[in-house]
There are 2 protein chains.
Amino acid sequence: MSRADSGRKVTIKDVARHAGVSPSAVTLAVHGKPGVSTATKDRILRAARELGWSPNQAAQSLSGRAVHSVGLAIARPARMLGREPFYMEFIAGIESVLSEHSCSLLLRLVEPEREIDVHREWWGANRVNGSILVDLRVDDPRIPALAEIGLPAVVVGDPSLAGPFTSVWTDDATAMAEAVRYLAAIGHRSVARVSGPAELGHSVIRTDAFTATARALGLSARTVVADFSADQGGRACRSLLLSGDRPTAIVFDNDIMAVTALGVAAEFGLSVPADLSLLAWDDSQLCQLTRPTLSAMRHDIFAFGADVAQTLFDVMAERQPSSHAAQIPALVPRGSTAAPGA
Amino acid sequence: MSRADSGRKVTIKDVARHAGVSPSAVTLAVHGKPGVSTATKDRILRAARELGWSPNQAAQSLSGRAVHSVGLAIARPARMLGREPFYMEFIAGIESVLSEHSCSLLLRLVEPEREIDVHREWWGANRVNGSILVDLRVDDPRIPALAEIGLPAVVVGDPSLAGPFTSVWTDDATAMAEAVRYLAAIGHRSVARVSGPAELGHSVIRTDAFTATARALGLSARTVVADFSADQGGRACRSLLLSGDRPTAIVFDNDIMAVTALGVAAEFGLSVPADLSLLAWDDSQLCQLTRPTLSAMRHDIFAFGADVAQTLFDVMAERQPSSHAAQIPALVPRGSTAAPGA
């Protein structure tokens, strides 16, 4: 791939600007179509050579829509992808914007250590016009590697993790502080949390906010790490219920683990919410289908996915969108939270 | 796209066979690399011309891995994609096989009338090496149109709907007959069904089997058409419960509608299963999270998606796999079915 001085890929617009013509004149010239004079055609082809732009490489974007596909690589096991409502809703939201642009989503499940290669390959072979980067880790190696190849991308995660990329994020710190303040306000003094994987950036942000808010309010607080699965969520919940200082309320980092905890509470003969309050995160339809229904931090994930996709279109069109937070998750109290002993 | 006499696309193998050389000799010849004599090179290039095969068109598959992406177009609203466990499990199963082959899934939500163009465009621009066709309709226009362009594809649906394509299907007729016989065996005499869209091939097959089996057993039976959504499923369920001859058992074509029916039964003050038995289809984890749990026709959708993807790899490698049925959905009785009045 050839590139301009800035390090980004040379586009037909650069060639047009350099030759002092419109992009459509470049299209006519490189395809040998009538409509440009021989002198103009020569100037355009010279500009293309000088910038190192190859009409063959760009043939597909010249001959049709500029944006045909965007890429999304997810480092989760395939089995989990089908059971995790977050990704289903997120992908559906992305597709809602893509389908308006007759654009496809190129989806790949990867091992985390393979993801950089996948984006390089997609971008190098013009399989994608840009990518969405998710599950950002602290000091994520994808950021410098993909910035270097000039991949247009949007990072889903806190701007502190996003390097030079535009990011769209959820203000998890503010939302988590609200969750803890709510539990304290209705009378809980010992709270716990079952988190997602510790290496994920948003797990760290939530853990810090959970711990700091609980400390400021004088609550006893603990976090047990799990991996979003029903299995590990259930195990984490059991370990908390078996501990000496049993919490009266537990916050979960997704909904699957909170739903599983309903079953664990039943195993222990605990009534929800009288003996144990449960608070889920993300509020998929799952939370409304259980008995009792699950209180949750609601986050419109479909709208979030649509926002991320729209931002990527802005990046790909070089409209330089700014990083921005999506709507802050808001507490939706339902049947699984109440004062302890209520 | 050029094609051999059979109507399928000409491949490098055809050129090699025609010239009496190996495919790798064709690769060397068209790239002007050393390793083939001038006479052999001339013979290869003549063979390519005679068959109408263009090395440029095939450049990407010559220069790298043969299979980089497979396509899946789904004609459902984006909002529903995120809420329908079937598709996410199915996609996850497909991805489980694709990731072994370092292959990506190109996913597009389309209007039904646009789907043929999407596959044509993907195939023509070498964005996919093959496609998976789902939600087959009766006399589906995709079948002749995509057979004509020589797209390697696997049809998810009954072989009677698949034309010349290899199909992988679920024997819905046998499964539905089992469901109805089970309800009759535990004492139900008036059964109903809430189906998916009437134009889908598998809706027709299930409706026919439901009606025929109920008639053979002397049961009263009705089908109300819905669209898989919670809204329409709930509405269909209410209409059945308001009718004069209220059914004592209802079979649903997916799980979302059955879960919704639990809420509708509660609205009507009906106890499940004593007053009303509910039987879901597909048995996602949703069915195990409700109270009572939902009896379901279990179908391992993840394994089904994996089977479809593996079959497509066999088609793309010209191993000519035969059409075959996936495992027949099996009844998993849980808390939502019992004898009427039990």
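Contact means heavy atoms within 4.5 Å. Helices (H or I, at least four residues) and strands (E, at least two) are DSSP runs, numbered from the N terminus.

Now the provenance. This is a predicted model, in which local features need pLDDT of at least 70 and side-chain atom pairs count only at pLDDT 80 or more, while totals for chains, interfaces and linings use all residues. Residues are numbered from 1 along each chain as its sequence is written, chains are lettered from A and ligands numbered from 1 in the order in which they are written, and side-chain values use heavy atoms, with hydrogens and water left out.

Chain A, in outline. Chain A has 14 helices and 12 strands, and its C-alpha trace spans about 85 × 35 × 30 Å along the principal axes. Of its 342 residues, 55% count as buried; buried means under 20% relative accessible area, exposed over 50%, and partly exposed in between, with a 1.4 Å probe and protein chains only. Taking the contacts in chain A between residues at least 6 apart in sequence, 70% join residues at least 24 apart.

Next, the sheet. Two strands pair if DSSP finds at least two bridges between them. On that basis 12 strands form an open sheet with mixed pairing, in the order β11(A)-β5(A)-β4(A)-β3(A)-β1(A)-β2(A)-β2(B)-β1(B)-β3(B)-β4(B)-β5(B)-β11(B). Its edge strands are β11 (324-325) of chain A and β11 (324-325) of chain B, each pairing on one side only. In chain B, β3 (residues 130-133) and β4 (residues 153-156) run parallel and are joined by 3 bridges, with B:L133 opposite B:V155 in β4(B).

What lies across it? Helix α6 (residues 85-100) of chain A lies across β1, β2, β3 and β4 of chain A together with β2 of chain B, at about 150° to β2(A). Helix α6 (residues 85-100) of chain B also packs on the sheet, touching β2 of chain A as well as β1, β2, β3 and β4 of chain B, and its direction makes about 155° with that of β2(B).

On to the cores. A nonpolar core is a set of buried Ala, Val, Leu, Ile, Met, Phe, Trp, Tyr and Cys residues joined through side-chain atoms within 4.5 Å. The largest has 70 residues, of which A:L72, A:F90, A:I132, B:L72, B:F90 and B:I132 touch the most other members. Not counting residues up to four places away in sequence, the contacts of B:I132 include B:L72, B:F90, B:I94, B:V154, B:V308 and B:L312. A second, separate core of 58 residues includes A:F252, A:A258, B:C237 and B:L278.

Salt bridges. A:E115 is buried at 2% relative accessibility, and A:R142 is buried at 2%.

A:D253 and A:R193 also meet in a salt bridge, at 2.9 Å, N to O. A:D253 lies in the loop between β8 and α12 of chain A and A:R193 in strand β6, so the pair ties together parts that are 60 residues apart in sequence. Both residues are buried. Shared partners join A:D172, A:R193, A:R206 and A:D253 into one network.

Finally, which cysteines pair? B:C237 is in no disulfide either, since its nearest cysteine sulfur, that of B:C287, is 15 Å away. Both A:C103 and B:C237 are buried, with a relative accessible area of 0%.

Terms used:
A salt bridge is a side-chain nitrogen of Lys or Arg within 4 Å of a carboxyl oxygen of Asp or Glu. A disulfide is a pair of cysteine sulfur atoms within 2.5 Å. Axes are lines fitted to C-alpha atoms, for helices over the stretch in contact, and angles run from 0 to 180 degrees between N-to-C directions.
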